[in-house]
Amino acid sequence: MADGAAMFEVVKPGLLTSVQDLGRPGYYHLGLPISGAMDRFALIAANRLVGNPDGAAGLEAVFLGPVLKFACDTTIAVTGAVMAPKVDGVEQELWSAFEIKAGQELAFGTLKAGARIYIAIAGGVDVPEVHGSRSTYALGALGGFEGRPLKAGDQVKIGAASGAAKLGVSIPEEIRRIQPASGVVLRAMPGLYWHRITEESQGSFFEDSWKVAPEADRIGYRFRGGRSLDFVPRKQPFGAGSDPSNIVDSCYPYGSIQVPGGTEPIVLHRDAVSGGGYFMVGTVISADMDLIGQLQPHQPVRFESIDMDGALAARRDEKGRLEALGAFLSG
Amino acid sequence: MTKSTIEAPIPGTFYRSPSPQEPVFKNEGDAVAVGDTVGLIEVMKSFTPVIAETAGTLVAFHVENEDAVMAGQPLYDLEA
């Protein structure tokens, strides 16, 4: 790695660190998921702190931070989960921009809360765009750095910085995502297949407490611990599987909650498959999808029923948070 | 002798042996060297070894085999 070159080297990749931007919408009907940051607000905030456009590519690291060695002087911001960034061992503030010099190492402390950190670098991570996005879709070996999560020894290029980094500014806690220590609620709209489960199961789904399963990942967040759902008897439709949770193959929306066998709900997330033969009990609203990206395994969660008006109001609130962030950073 | 508590680096399911048929990596009372594997944590369908960064004697486990662990949860006590 040449000194002064606009790049960094991966010393340790962490558990799973990938290049992500705001995603690749427009191809889901072809089976290509939207990908991108699981917590978009955190990536946008990190990008704005280092003077990048909202959609610049950064790094998403889950549970364990990477160790990166920089070949050039640059500015960095880390947001999302509570995991302290360190420059050559010196702790830096989260949700604020800080400088790193050529030859220095960026490393992280242990995870205290949340699940995913977002690392923005002034100029953004410079990997080729694939179908309009730099996001990694690892399952499809597409986008990001060579279509895969980062590995030790990777040399990753950095784009040209805007010079508009907000050094010395820290995003106030009230604008950061509030992660309730307990009692996480995910709001969901009952969906097209709501009629497939009994009235009792329609009640229990929203009453029960569910826990994030350790398998939860970028493709889907699996939950367990609530009562199994019972199905209304039916004649197996032509084209559907024999299990009562099977349907004639259909599209799976981003955020949809499928419950294979009626036992463990799975909320499809950024790297989801786009269709299949499981019924969906409903769809988590867009305003709560970022929050899912910050859930750790075993964390208790409850689903709450919401209607379209409520979902649209929540989306406006979420937009308001972005506006508050913009007003704070330009003020 | 100083006692320290080692915490889970990541959340997941904790395993004390490489597979159900094999013996545990470490028993209470065993010596632990830097770089030794003390257990495994399974998360996102992959297994990550818990590697000792400090040498000493493993005094006690705080978690059982197959227990759910959160990041930062105490895993074992070490006397050095």
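**Figure 1. Separation of the two domains of chain A.** In this predicted model, the centres of domain 1 of chain A and domain 2 of chain A, taken over C-alpha atoms, are separated by 29 Å. The domain assignment of chain A places domain 1 at residues 7–157 and domain 2 at residues 184–319.

**Figure 2. Contact region between domain 1 and domain 2 of chain A.** On one side, 19 residues of domain 1 of chain A take part, and they are in contact with 13 residues of domain 2 of chain A. Three elements of chain A, namely helix H1 (40–49), strand S5 (74–82) and strand S10 (113–121), each supply at least two residues of the side of domain 1 that touches domain 2. The largest share of that side comes from S10(A), which provides three residues. By residue class, the side of domain 1 of chain A that touches domain 2 of chain A comprises nine nonpolar, seven polar and three charged residues.

**Figure 3. Interface between chain A and chain B.** Here 13 residues of chain A are in contact with 15 residues of chain B. The side of chain A that touches chain B consists of seven nonpolar, three polar and three charged residues. For the complex, the predictor gives an ipTM of 0.87 and a pTM of 0.95.

**Figure 4. Chain B and its prediction confidence.** Chain B has a mean pLDDT of 94, and 100% of the residues of chain B reach 70 or more.

Technical notes
Residues are numbered from 1 along each chain as its sequence is written. Chains are lettered from A and ligands numbered from 1 in the order in which they are written. This is a predicted model: local features need pLDDT of at least 70, side-chain atom pairs count only at pLDDT 80 or more; totals for chains, interfaces and linings use all residues. Two residues are in contact if their C-beta atoms, placed from the backbone, lie within 7 Å. Ala, Val, Leu, Ile, Met, Phe, Trp, Tyr, Cys and Pro count as nonpolar, Asp, Glu, Lys and Arg as charged, and the others, Gly among them, as polar. Domain bounds come from an automatic or database domain assignment. Helices (H or I, at least four residues) and strands (E, at least two) are DSSP runs, numbered from the N terminus. pLDDT is the predictor's confidence in each residue, from 0 to 100.
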